Amino acid sequence: MMRIGFLPSGFNPMILMLGEAEDIRALSGVLRRFGRDRLEVAFGDLGFCQVIGADVLLTATDGPAGVQVSAHGPLLWRVPPDIAAGFADRLEDLAEPGRVAGSENLDCGTEDGIAVKVSRGEYTDDFLSRG
């Protein structure tokens, strides 16, 4: 189960996604389909994800690329479709069987804003868990 949570911070806010190889491969597939079909994806609706706090909506709607906080509703992660395909490739590398731990920062080329970090084997199993 991929655990997803928003870590607010004045210095380095981020969306942290923690999972094992199979979760990261599934996320790679989601990003690849998004890049091809451009259909919005709510991470809370994905069977392999557990979202802690606000949901994350992957979207190609008009607006600045990257993650934006909305006052009421999900965090909006705007990713141009061509960049989503590149993210998918990077996550496939992270999910390789011989790789025990590591992470990828999935940024859209924006200097400021909220980072998205996908991590494997770098945090304890209870990090970002409910309860």
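Tutor: One term before we start: a residue is called buried when its relative accessible area is under 20%, and exposed when that area is over 50%. Also keep in mind that this is a predicted model.

Student: Okay. Is Trp77 buried or exposed?
Tutor: Trp77 has 1% relative accessibility, so it counts as buried.

Student: How many aromatic pairs does the structure hold?
Tutor: There are three aromatic pairs. One of them is made by Trp77 and Phe87, with ring centres 6.2 Å apart and planes at 20°, so that pair is stacked.

Student: Where do Trp77 and Phe87 lie?
Tutor: Trp77 is in strand 7 (residues 75-78), while Phe87 is in helix 2 (residues 81-94), so the pair ties together parts that are 10 residues apart in sequence.

Student: And Phe87, buried or exposed?
Tutor: Phe87 counts as buried too, because its relative accessibility is 2%.

Student: What about Tyr123 and Phe127?
Tutor: Those two form a tilted aromatic pair, at 4.9 Å centre to centre with 35° between the planes. Tyr123 is partly exposed, with a relative accessible area of 31%. Phe127 is partly exposed as well, at 33%.

Student: Which residues do ring pairs link into a cluster?
Tutor: That would be Phe43, Trp77 and Phe87.

Student: Switching topic: how many disulfides are there?
Tutor: The count comes to zero.

Student: Remind me what a disulfide is?
Tutor: It's a covalent bond between the sulfur atoms of two cysteines. To be counted here, the two sulfurs have to be within 2.5 Å.

Student: Where is Arg38?
Tutor: Arg38 sits in the loop between helix 1 (21-37) and strand 3 (41-42).

Student: Buried or exposed?
Tutor: Arg38 is exposed, with a relative accessible area of 55%.

Technical notes:
Residues numbered from 1 in each chain as written. Predicted model: local features only at pLDDT ≥ 70, side-chain atom pairs only at ≥ 80, totals over all residues. Heavy atoms only, no water. Helix = DSSP H or I, 4+ residues; strand = E, 2+ residues; numbered from the N terminus. Buried < 20%, exposed > 50% of the residue type's maximum accessible area, 1.4 Å probe, protein only. Phe/Tyr/Trp six-rings, centres within 6.5 Å; stacked < 30°, edge-to-face > 60°.
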